[in-house]
Amino acid sequence: MKKLLFLICCAGILLSCGSQKTEATANQSTTVAQTPVDVTTYGKTITAEELKTDLYIYASDEFEGRGTGDPGQKKAVNFLKEQYIAMGVPAALPNNNYFQNVPLEKLGVPEVSLTVNNKDFKIVDDFVSVSSVGDGSLNTSEIIYAGYGIDDDAFSSYKDLDVKGKVVLIKSGEPKDANGNYVISGSTEASKWSNFREAYAAKRDAAKEKGAAAVFFYYPEIYNMAAARFGGSNGSISLRENKENMYYFLINTDLAKTFLPDIETNLNHQTIEMSVEMNYKNVATDIISENVAAWIKGSEKPDEIIVISAHLDHEGIKNGEIYNGADDDGSGCVALLEIAEAFKAAVKDGHGPKRSILLLHVTGEEKGLLGSRYYTDMDPIFPLANTVANLNIDMIGRVDPKHEAGDGNYLYLIGSDKLSAELHNISEEMNNKYTNIEFDYTYNDDNDPNRFYYRSDHYNFAKNNIPVIFYFNGTHADYHKPTDTPDKIRYDLLENRTRLVFYTAWELANRENRIVVDKATE
């Protein structure tokens, strides 16, 4: 009996030891699995040397300035594709297709004759057509003056006005009250109806919604710029959409005052008796450009997407000179390649991001944010509802005059707090933890006259209530000139700035909960 009890005790001890060993092993395994990933291991794969190697190719004369739809742009997109293939980063589109075709049209100067009260006016000299319209004509004896051309809950220029089928005259700006505050915002802050990019579209859409046949828009602040863009011999490029059924013209001061001599001060909506005859013939050539899209599939929440973007195009060749666009935006494109490589290294080690990463190089930014607008408004590869944030890189390789006296360790951030306070806080936290860049929020001010918030591809995501950060080094002497070349890039700064975007994307992709949009706009 004693021997039997001894054997039972021994067996119990052995079982206990085995159980403890198994439990210890399980605990050890759990501990290993929960060990935090050292993200700097992957951040350090982003190097100045590799950025420099890629940019000297991407911004070389061989790529001919990457003009939208031109042969040099085709070389650029193929270079990006080959880089992703070499890294083993798959295409975001089905059938291993890296190219999202973007249908565009190159607008020639339309052939337009315009007579107002028997006085002839010339296209480009006196007015420009700023939309693609089918051939047609107008013949009327009256026009409707609708003041600012605004249709908003707080104020409408179209109240008690019937403009269906009519020719409408409007002007730039928006109303103020007796205290000098803007009526729509109720403050000293202007609304979208005053910002040129938004106002240009919003006033067009308001008139179109009301059924106007044609709009003459007096916007003297931007007329010369519009005439250069839409009246040049090379023509403007726009998205190929269904032809508008409303003619939309920007007009100069002479034509505006022919319609209404006191238009600059007159706020009285009225019908003006005046003969207007117009014949219009469209001149356009269809072209195809491409967005380049690669992705890293998320391990736990693959349907939630972080979009990291940069525009792949530049100004092409003008007057025989190549506009290489090393900073604008070659710096952003090579940054995306390095970020992709860093995420791919993490995947290889079994530490891939929980959410998916879309590396999106968009075309036509220089022509009006066309590639990003096509992605967001017409053919998103992934549903916008599943898009967590957009981190947009547009010029991060140089130092602007404001910061020349220092070491250059700064970056302008735009938009980080516009839609999500959480995104802004994460951005600050990642910088303080990893990169220690001086953030300059000058251009984030709603009243900043440069309006950079509306001038790069992130805006097409922001207008859809997707939180954004626009990373920008500011303009410099070589901005939009042939002298924006890769030898002038600060590759040490480009390295650190690219790492910042990677660390921010890493945090957004791996945090437990999707960031909250707490400042959504209508």
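This is a predicted model: local features need pLDDT of at least 70, side-chain atom pairs count only at pLDDT 80 or more; totals for chains, interfaces and linings use all residues.
**Asn496.** I found Asn496 in helix α12, which spans residues 491–510. Is Asn496 buried or exposed? I read a relative accessible area of 18% for Asn496. The cut-off for buried is under 20%, so Asn496 counts as buried. Next I looked up its contacts, leaving aside neighbours within four places in sequence. Asn496 touches Asn409, Thr435 and Ile437.

**His480.** I then went to the loop between β19 (468–472) and α12, where His480 sits. His480 has 28% relative accessibility, so I noted it as partly exposed. Which residues does His480 contact, leaving aside those within four places in sequence? I listed His314, Glu315, Tyr323, Asp328 and Glu366. Along the chain, His480 and Glu315 are 165 residues apart. Their C-alpha atoms are separated by 7.4 Å.

**Helix α6.** I turned to α6, residues 223–230. Which residues of α6 are buried? I noted Tyr223, Ala226, Ala227 and Phe230. Why do these four share a side of α6? They cover an arc of only 100° around the axis, and that puts them on the same side. I recalled the general rule: an α-helix has 3.6 residues a turn, so residues three or four places apart point the same way. I looked at the face turned away from the buried side as well. That face carries Asn224 and Ala228, both exposed. Then I asked what the buried residues of α6 pack against. I found β4 (127–129), α5 (196–209), β8 (236–239) and β9 (247–251).

**The whole protein.** I noted 522 residues, of which 52% count as buried. The secondary structure comes to 12 helices and 19 strands. The C-alpha atoms fill a box of roughly 125 × 50 × 50 Å along the principal axes. The accessible surface is about 23,000 Å², and carbon and sulfur atoms make up 48% of that. I also looked up the charges: 52 positive and 77 negative. Their mean positions lie 5 Å apart.

**Confidence.** Last, I checked pLDDT. The average is 91, and 92% of the residues score at least 70. Where does pLDDT stay under 50? I marked residues 1–34. For that stretch the model has zero contacts beyond four places in sequence.

Technical notes
Residues are numbered from 1 along each chain as its sequence is written. Side-chain values use heavy atoms; hydrogens and water are left out. Buried means under 20% relative accessible area, exposed over 50%, partly exposed in between (1.4 Å probe, protein chains only). Helices (H or I, at least four residues) and strands (E, at least two) are DSSP runs, numbered from the N terminus. The arc is that of the directions from the helix axis to the C-beta atoms. Contact means heavy atoms within 4.5 Å. Accessible areas come from the Shrake-Rupley method with a 1.4 Å probe; for residues, only the protein chains shown count as cover. Lys and Arg count as positive and Asp and Glu as negative; His and the chain ends are not counted. The place of a charge is taken as NZ of Lys, CZ of Arg, CG of Asp or CD of Glu. pLDDT is the predictor's confidence in each residue, from 0 to 100.
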